[in-house]
Amino acid sequence: MNTTPTPFKSALARCGRFLLFLLRGVLPWYVASHLLLTSGWLAKAASHLGGFMDIWGLPPEAAAAVAAGMGANLYAAAAVAAALGLSWKQLTVMGVMLGVAHSLPVEHAVLVELVGKARAAALTTTRIVVGAIAGWAVSICLG
Amino acid sequence: MGGEHLSWIEWLGAQSLVALGKGLVLCAEIAAVVLPLMILYEVIEARGILKGSWKGAERWLKPLGLGPRAIIPLMAGVWLGLLYGAGIVVATSEREGLDKRQRLSIALMLAMCHAIVEDTAIFAVLGASVIGILLPRVALAVMVGVMLGWWWARTAPGRGS
């Protein structure tokens, strides 16, 4: 009797593992992000960052968009940013910053799966630092 | 006081349920996109259709410290993103037997630059510059990839793919 799994069976096994990863790795972080966003804690944290936004040529209110992008997702960030009436330069700076560092809790779960907990933590920290530096560099370039 | 406490718990319970519902919808959406791709990839791979297809990619991937088989997880992440590409990125990395170094290189490059179409479009719609967002992200990913590739080559000379 041939015990070698068929490609379809092996694909199904991988799919099962992926579903499990979604439920165990992604879902809890999504719930946490949602609660942070709706509770106003994210906005509260962002209010402390308002003073630093000048570094990237952004108004203090943009901190809420940055926090929403990093803590939740880019759609949340865009929704906040849309209401701020930012210039194309400011939006580009924010796009670069958040392009590198967004959906951090949920995407951290993917990185854990790929490289392990310790390295994933280092990578997520790197994303925040590099995102901030890249945003600053772009703001300088765009004047 | 007690009422306030109760309402806070009620809020948490209600919002957790909402988040759980939305999260399950998101997981279903991701699964609907990713699972067919995973099955398709597995079947194509088993039939040997991809055999030798990545030969041309070898010279582009070598400076990044990556072997030709790393192209699939890398491209999946770049186009689909970390979350939607996760199934393919993680499964193909395992399937292709990519070592820890290659996985770290892929993870670092994807951390800098992933879901380039979707992420860029979100801000482009608001009025941001497409080139202004894309160029720094791609440049960053290539830069960190080349740096890591150089470092891997230095610390483990003669390492193959």
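I call a residue buried if 20 or more other C-beta atoms lie within 10 Å of its own, exposed if 12 or fewer and partly exposed in between, with C-beta atoms placed from the backbone. The model is predicted, so I keep to local features with pLDDT of at least 70 and to side-chain atom pairs at pLDDT 80 or more, while totals for chains, interfaces and linings use all residues. Residues are numbered from 1 along each chain as its sequence is written, and chains are lettered from A and ligands numbered from 1 in the order in which they are written.

Entry on Gly97(B). I looked up the loop between helix 3 (71-95) and helix 4 of chain B, where Gly97(B) lies; helices here are DSSP runs (H or I, at least four residues), numbered from the N terminus. Gly97(B) counts as exposed because it has 9 C-beta neighbours inside 10 Å. From Gly97(B) to Met112(B) I find 15 residues in sequence and 23 Å in space, C-alpha to C-alpha.

Entry on helices 4 and 6 of chain B. The axes of helix 4 (residues 100-112) and helix 6 (residues 130-155) of chain B come within 8 Å and cross at roughly 160°, the axes being lines fitted to C-alpha atoms over the stretch in contact and the angles running from 0 to 180 degrees between N-to-C directions. I therefore note helix 4 of chain B as roughly antiparallel to helix 6 of chain B (over 145 degrees; under 35 is roughly parallel, 65 to 115 roughly perpendicular and the rest oblique). On the side of helix 4 of chain B, the contact (C-beta atoms within 7 Å) includes Arg101(B), Leu108(B) and Met112(B), and on the side of helix 6 of chain B it includes Arg137(B), Val144(B) and Trp152(B). The residues of this contact divide into eight nonpolar, three polar and two charged; Ala, Val, Leu, Ile, Met, Phe, Trp, Tyr, Cys and Pro count as nonpolar, Asp, Glu, Lys and Arg as charged, and the others, Gly among them, as polar.

Entry on helix 5 of chain B. In helix 5 (residues 116-126) of chain B the buried residues include Asp119(B), Ile122(B) and Phe123(B), and the buried residues of this helix pack against helix 4 (74-82) and helix 5 (88-100) of chain A together with helix 6 of chain B. Just after helix 5 of chain B, Gly127(B) takes a positive phi of about 120°.

Ala115(B), in the loop between helix 4 and helix 5 of chain B, has phi near 45° and counts as buried because it has 24 C-beta neighbours inside 10 Å. I also looked up Ser103(A), in the loop between helix 5 and helix 6 (104-115) of chain A: its phi is near 45°, and Ser103(A) is buried, with 27 other C-beta atoms within 10 Å.

How values were computed:
Helices (H or I, at least four residues) and strands (E, at least two) are DSSP runs, numbered from the N terminus. Two residues are in contact if their C-beta atoms, placed from the backbone, lie within 7 Å.
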